[in-house]
Amino acid sequence: MEDIIRQFLNDFTHEYKKTLNSFDQPDNVITYKTLFELIQKHSQRFLILRKQHLFYLLQEALLTFWGPVESMDNFSAYGVSFVMYGTYGWIDEWQHRGMQEDSEVIAQVLSAGQNKTS
């Protein structure tokens, strides 16, 4: 069963990468909006993963897709890990709370946060 789920998550990350590649230079808002749109598109499958206590497989897929690689220097790897685990935590909590906000709202929140730090 885990192999089937891993294949779905592999297909999911490929769909995500393909969508991101359709933009000339996706910024953080586009990157996250696209991710949350795809999760919404496949929400029933992700909710089943949560219900069956298999949501950790998403973390595994995100690590493979987005995680640090051996060739990175330490601080780059720490930064990539911070973003990846933070993103996973955000998705996990968003799902736990019933996915109330759509991807557009999430993109607006991210945009506002970026403007405050600029």
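Arg6 and Glu2 both belong to helix H1, where they stand four residues apart, about one turn of the helix; helices here (H or I, at least four residues), like strands (E, at least two), are DSSP runs numbered from the N terminus. An α-helix has 3.6 residues a turn, so residues three or four places apart point the same way. The side chains of Arg6 and Glu2 meet in a salt bridge with an N to O distance of 3.2 Å, the term being used for a side-chain nitrogen of Lys or Arg within 4 Å of a carboxyl oxygen of Asp or Glu. The model is a predicted one, in which local features need pLDDT of at least 70 and side-chain atom pairs count only at pLDDT 80 or more, whereas totals for chains, interfaces and linings use all residues. Residues are numbered from 1 along each chain as its sequence is written, and side-chain values use heavy atoms, with hydrogens and water left out.

Arg6 also forms a salt bridge with Glu60, the closest N and O atoms being 2.6 Å apart. Because Arg6 lies in helix H1 and Glu60 in helix H4, this pair ties together parts that are 54 residues apart in sequence. Arg6 is partly exposed, with a relative accessible area of 31%, and Glu2 counts as partly exposed at 31% relative accessibility, as does Glu60 at 32%; by the cut-offs applied here, buried means under 20% relative accessible area, exposed over 50%, and partly exposed in between (1.4 Å probe, protein chains only). A search of the whole structure finds seven salt bridges, including one between Arg97 and Glu93, whose closest N and O atoms are 2.8 Å apart. Of this pair, Arg97 counts as exposed at 56% relative accessibility, whereas Glu93 counts as partly exposed at 35%. Salt bridges that share partners join Glu2, Arg6 and Glu60 into one network.

The geometry of helix H1 was examined next. H1 comprises the 20 residues 2–21, which at 1.5 Å a residue should span 28 Å, and its end C-alpha atoms are 28 Å apart, in agreement with that value; the expected span is 1.5 Å times one less than the number of residues in the helix. The buried residues of H1 are Ile5, Phe8, Leu9, Phe12, Thr13, Tyr16 and Leu20. Seen down the axis of H1, these buried residues fall within an arc of 135°, so they line one face of the helix, the arc being that of the directions from the helix axis to the C-beta atoms. The face turned away from this buried side carries the exposed residues Asp3, Ile4, His14, Lys18 and Asn21. What covers the buried residues of H1 includes helix H2 (28–41), helix H3 (43–51) and helix H4 (56–66).

The largest nonpolar core has 25 residues, and those with the most contacts inside it are Leu9, Ile39, Phe46, Leu58 and Ile91; such a core is a set of buried Ala, Val, Leu, Ile, Met, Phe, Trp, Tyr and Cys residues joined through side-chain atoms within 4.5 Å. The elements that give two or more residues to this core are H1, H2, H3, H4 and helix H5 (74–96), and H1 gives the most, with six residues. When its neighbours within four places in sequence are left aside, Ile39 is in contact (heavy atoms within 4.5 Å) with Phe12, Phe46, Ile91, Trp94 and Met99.

Met99 is found in the loop between H5 and H6, where it is buried, with a relative accessible area of 14%. Although Met99 is not a glycine, it has a positive phi of about 50°. A positive phi, near 60°, also occurs at His53, again a residue other than glycine. His53 has its place in the loop between H3 and H4 and is exposed, with a relative accessible area of 68%.

The confidence of the prediction was also summarised. The mean pLDDT of the protein chain is 89, and 93% of its residues reach 70 or more, pLDDT being the predictor's confidence in each residue, from 0 to 100. Among the elements of the protein chain, helix H6 (residues 103–117) has the lowest mean pLDDT (70), while H1 has the highest (95).
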